[in-house]
Amino acid sequence: MRRLQRIAVLGAESTGKSWLVHALAHVLQQRGQAVCTVDEALRSWCDREGRTPQAHEQMGIAQTQAQAVVQVSQGWVIADTTPLMTAVYSHLLFDDQSLYPMALAHQSLYDTTLLTGLDLAWVADGLQRDGPHVRGPVDTLVRQALDRAGLAYRVVYGQGHMRLNNALLALDMPGEDDAARQTREQAQFAINQGRTVWQCNDCSDPDCEHRLFTGLLTQRPTNDAIP
C-alpha cells in the first residue's frame, strides 16, 4: 500500500473545498488508492449546537479537526479544512492569534496543501457563512500564515471538472481524460436518481454537481474553463 499521504484543502467560505475533497477522493479511489476524507469539524459543531462558536470554543474545534487526521495511519487522507482555518477565523472575528502555533505545527504534517481560489460565486449556507465580504480577508490571512511558516501551497482555480483536473495536476498526478470524466459524471448522476444518498447541502461549490446533472438531463455540455 502507498505510504501515508496527507492532503489539506484550505480556502475561504464558498470556494468549493468540500466538493473538491470528495471529487479528489472519488478519482483516487477509481485509480485503486485507499482514501479517507476528513470533513470539516466546524460544520458538525454548528449543526449540533445550532450556533457558531465563541472565542473560547475555537481551540476545541481545531483539536477535533487535527485528531481526525492524525488517527489515519495509511493510504491517502484528504482534509476538508485544517486547524489553520479555525486559527484564521479566530484572528479575523475575535482578534485572537493564539491558535496559530498549534495550527501551523499541525499544517506541517501535510504532504500537499491546496488553497481554493476565489473564482466561484458565493452562496449562502446558514450559520456556516458570513458573506462574500470576508472571503478576501480570509484568503489573505491564510496565505500570510503559510508564508510566515515557510509552508508551501498550491492555489486551485477553475470551474467544475477543470478545478478537479487542476487539483490533480497540483498533486503531480494526471488529470481525468474525457472518458474518465464522463464515468464520474454518470456516477454522480446516479446519485441524483436516488441510488445513493445525495448530499448537496454538504457541497461548497455552486457550479459542481448541479451543473453536471443539468447538462446530462438536457444533453447540453458544461462550459468549463480556466479563468
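Residues are numbered from 1 along each chain as its sequence is written, and side-chain values use heavy atoms, with hydrogens and water left out. Because the model is predicted, local features need pLDDT of at least 70 and side-chain atom pairs count only at pLDDT 80 or more, while totals for chains, interfaces and linings use all residues.

Helices (H or I, at least four residues) and strands (E, at least two) are DSSP runs, numbered from the N terminus. Six of the six residues of β1 are buried, so the strand is largely enclosed by the rest of the structure. Here buried means under 20% relative accessible area, exposed means over 50%, and partly exposed is in between (1.4 Å probe, protein chains only). Both faces of the strand are covered, with Q5, I7 and V9 buried on one side and R6, A8 and L10 on the other. Two strands count as paired if DSSP finds at least two bridges between them. By that rule, β1 pairs with β3 in the parallel sense over five bridges, and A8 sits opposite A79 in β3. Strand β4 (residues 112-116) also runs parallel to β1, joined to it by four bridges, and here V9 stands opposite L114.

Next come the nonpolar cores, each a set of buried Ala, Val, Leu, Ile, Met, Phe, Trp, Tyr and Cys residues joined through side-chain atoms within 4.5 Å. The largest one has 21 residues, and L20, L24, I78, L114 and L164 have the most contacts inside it. Two or more residues of this core come from each of β1, α1 (17-30), β3 and α7 (161-170). The top contributor is α1, with eight residues. What does L24 touch, leaving aside its neighbours within four places in sequence? L24 is in contact (heavy atoms within 4.5 Å) with I78, L114, L164, A167, L168 and L171. Apart from this core lies another, of 19 residues, with L10, L99, Y100 and V142 among them.

Then there is helix α3 (residues 58-70), which has 13 residues and reaches 19 Å from its first C-alpha to its last, close to the 18 Å expected at 1.5 Å a residue. That expected span is 1.5 Å times one less than the number of residues. Buried in α3 are Q58, I61, A62, Q65, A66 and V69. These residues cover an arc of only 130 degrees around the axis, which puts them on the same side of α3; the arc is that of the directions from the helix axis to the C-beta atoms. On α2, the buried residues are A41, R43, W45 and C46, and what covers them includes α3. After α2 comes G50, with a positive phi near 70 degrees.

Finally, two loop residues other than glycine have positive phi values. D95, in the loop between α4 and α5, has a phi near 55 degrees; at 63% relative accessibility, D95 counts as exposed. D172 is found in the loop between α7 and α8 (178-192), with a phi near 60 degrees. At 64% relative accessibility, D172 counts as exposed.
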